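Notebook open, model loaded. I want to go through the cross-links and the ring contacts, one entry at a time.

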Amino acid sequence: QVQLVESGGGLVQAGGSLRLSCAASGIIFRLNAMGWYRQAPGKQREWVATITSVYSTNYADSVKGRFTVSRDNARNTVYLQMNSLKPEDTAVYYCGAPDKAATTKVTYWGQGTQVTVSS
């Protein structure tokens, strides 16, 4: 049974930082790309960042230069370091994992963690 559990969300002032974590179980974590997504109120879920099994990273233009995705295969955990946060970053953040290696298409989702950035 696959489980993805996010943590680390909260309320922060604009310009502040947060680090999100996503602990995975039930998948061969080291072989899988992992992604971060977010959904703001009234909007569709959008992709934020991806890290592949070989540590290649990609970011949405809206977060490039401010967010950093990383992974710790020993802990089966992926992280999202968020700096210089803006009110428009307010959303529920989800991690997603594929059901097999060599794809980034998400099959499994976590429950999400709320990030609120006040102005």
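**Disulfide**

I looked for disulfides, taken as pairs of cysteine sulfur atoms within 2.5 Å, and the structure holds one. Cys22 is joined to Cys95, with S to S at 1.9 Å. I checked the hand too: the link of Cys22 and Cys95 is right-handed, with 45° about the S-S bond.

Where do Cys22 and Cys95 lie? Cys22 is in strand E3 (residues 18-25) and Cys95 in strand E9 (residues 91-97), so the pair ties together parts that are 73 residues apart in sequence. For the labels, strands (E, at least two residues) and helices (H or I, at least four) are DSSP runs, numbered from the N terminus.

Next I asked about burial, where buried means under 20% relative accessible area, exposed over 50%, and partly exposed in between (1.4 Å probe, protein chains only). Cys22 counts as buried because its relative accessibility is 0%. Cys95 is buried as well, at 0%.

**Basis of the values**

A note to myself: this is a predicted model, where local features need pLDDT of at least 70 and side-chain atom pairs count only at pLDDT 80 or more, while totals for chains, interfaces and linings use all residues. Residues are numbered from 1 along each chain as its sequence is written, and side-chain values use heavy atoms, with hydrogens and water left out.

**Ring pairs**

I then searched the whole structure for aromatic pairs and got two. The rule: rings of Phe, Tyr and Trp (its six-membered ring) pair if their centres lie within 6.5 Å; planes under 30 degrees apart count as stacked, over 60 as edge-to-face and the rest as tilted.

Tyr37 and Trp109 make an edge-to-face pair, 4.9 Å centre to centre with 75° between the planes. Tyr37 lies in strand E4 (residues 34-39) and Trp109 in strand E10 (residues 108-109), so this pair ties together parts that are 72 residues apart in sequence. I have Tyr37 as buried at 13% relative accessibility, and Trp109 as partly exposed at 37%.

Tyr94 and Trp109 are edge-to-face too, at 6.5 Å centre to centre and 85° between the planes. Tyr94 is in strand E9 and Trp109 in strand E10, so the parts tied together here are 15 residues apart in sequence. Tyr94 is buried, with a relative accessible area of 13%. I put the ring pairs together: they link Tyr37, Tyr94 and Trp109 into a cluster.

**Charges over rings**

Arg45 lies over the face of Trp109, 4.3 Å from the ring centre. I also found the charged end of Arg71 over the ring of Phe29, 4.5 Å from its centre.

How values were computed. A charge sits over a ring if NZ of Lys or CZ of Arg is within 6 Å of the ring centre and within 35 degrees of the ring normal.
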